[in-house]
Amino acid sequence: MTREECCSKKAEALAAFSHIGKAVSSERYGNGHINDTFLIVTESGKRYIFQRVNHTVFPRPDEVMENIVAVTEHIRQRVAAEGGDVARCTLVVVPTDLGDSLYRDSIGSYWRMYEFTEQTVAKERADSIQSFTDCAEAFGRFQGYLSDFDASTLHEAIVNFHNTPVRYENLMRAVEKDPLGRVAQVQQEIAFVKERAEFVHTLAKAEQEGRLPLRVTHNDTKLNNILFDAESDQPVCVIDLDTVMPGYSVNDFGDSIRFGANTAAEDEPDLSKVSLDLELYHAYAKGFLKGCDGKLTDTEIALLPIGARMMTLECGMRFLTDYIEGDTYFRIARPGHNLDRCRCQFALVADMERKAEQMKLN
Ligand code: ADP
Ligand code: GN1
Ligand code: MG
């Protein structure tokens, strides 16, 4: 089934949320690569985010929603305790008419609704150094809010999500199968990955040796997964909570750097434009350390630059795997899109390697 076919039951699904009132529009919204997101406007002018959860990516959408309900409740309690903006501090799940957090339509697609967080903007690029520092602080604080959350109650939404050695193996398997004959075209990229076969184990090894703790992390810390206040430009909430799971703090740091400290967009085909902006990198590090409020160990701080390289390499490997397998995971907007994204990530890894000394933080 294509993505459009999967969304064909949107009206049926919306009817399961009739308590919000009559919808006067339901347009596609945002720039996520995974879920299908729509902005619903009702007759009364109230707005909602309506999403078809990608259940190829998330095989147990019910477990994802259990995680999200629990995590958002926890965050609201923490923010209430510190006297913050409880209404906008995290996602608010809107239940179906039957009181469920998810609706399964007649062709087996899963739908959920959130309140639209008003007076906010999502950004694709940092519009100032300060806003990137603020974003880092918000992601750091997010980890802090979940530092007392019982990780054993969380479902693993995607198994081995940031297990980079497993991502490496998945790529090698795809290369071997070569279902669409695309491998011949990507020999250089495969060689690039193989040259880093040892590096992919760095963080897993540190964890095994007891040097890197598992924490409850966000795991998808792209800039557009934070909403900023439209007036004050301050971060209001961290969204896209599908992948909140135990993980490494350094990967949350790293994924933000991968996306936000690149001088080019994630899918820039002109690789001469791709590099690590060291000013943005250090601005982010400053905000993240502040947001984590002294909770990171010295080893974690020392491994933050490795987190940046690891997440960039891993994401490049994931784009390459998807390209080889026929673009079934990430939404693409043009042929070769995943290959462009992959090449851009690898160019950024190469630049990070050149700048390794300047990336050190302690
Ligand atoms: P994906 O997993 O596909 O990235 P997201 O949950 O991140 O989906 O949503 C995609 C986009 O929708 C976000 O980048 C943001 O622009 C917008 N969005 C999501 N949730 C909200 C919300 N509660 N309020 C306002 N905008 C939102
Ligand atoms: C996806 O859902 P979105 O667009 O925020 C992906 C991330 C990748 C990112 C690359 C669940 O994030 O892991 O880093 O694309 N999310 C999932 O842009 O796979
Ligand atoms: Mg997102």
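This is a predicted model: local features need pLDDT of at least 70, side-chain atom pairs count only at pLDDT 80 or more; totals for chains, interfaces and linings use all residues.
Q: How far is a polar side-chain atom of asparagine 225 from an oxygen atom of ligand 2?
A: Residues are numbered from 1 along each chain as its sequence is written, with chains lettered from A and ligands numbered from 1 in the order in which they are written. A polar contact is a pair of N or O atoms within 3.5 Å; within protein, one must be able to donate a hydrogen and the other to accept it, and residues adjacent in sequence count only if both atoms are side-chain atoms. For asparagine 225 and ligand 2, the distance is 3.2 Å.

Q: Which residue has a side-chain N or O atom 2.5 Å from an oxygen atom of ligand 2?
A: Histidine 33 reaches ligand 2 through a polar backbone atom, at 2.8 Å from an oxygen atom. The 2.5 Å distance involves a side chain instead, and that residue is tyrosine 329.

Q: How much of ligand 2 does the protein bury?
A: Oxygen atoms of ligand 2 include one that lies 2.8 Å from a polar backbone atom of histidine 33. Taken alone, ligand 2 exposes 440 Å² (accessible areas use the Shrake-Rupley method with a 1.4 Å probe; for residues, only the protein chains shown count as cover), and the protein buries 97%.

Q: Which helix gives the largest share of the shell around ligand 2?
A: Helices and strands here are DSSP runs numbered from the N terminus (helices are H or I with at least four residues, strands are E with at least two). Helix H8 (249-260) and helix H10 (298-325) each supply at least two shell residues. The largest share is 3 residues, from H10.

Q: How many residues of H8 are buried?
A: Buried means under 20% relative accessible area, exposed over 50%, and partly exposed in between (1.4 Å probe, protein chains only). Among the buried residues of H8 are Ser249, Phe253 and Gly260. H8 is largely enclosed by the rest of the structure, because the count of buried residues is 12 of the 12.

Q: Is aspartate 240 buried or partly exposed?
A: Most residues other than glycine have a negative phi. Aspartate 240 has a positive phi of about 55 degrees although it is not a glycine, and is found in the loop between strand E10 (235-238) and strand E11 (245-247). With a relative accessible area of 26%, aspartate 240 is partly exposed.

Q: What is the phi of aspartate 178?
A: Aspartate 178 is found in the loop between helix H5 (164-177) and helix H6 (187-194). At 24% relative accessibility, aspartate 178 counts as partly exposed. Although not a glycine, aspartate 178 has a positive phi of about 45 degrees.

Methods:
Side-chain values use heavy atoms; hydrogens and water are left out.
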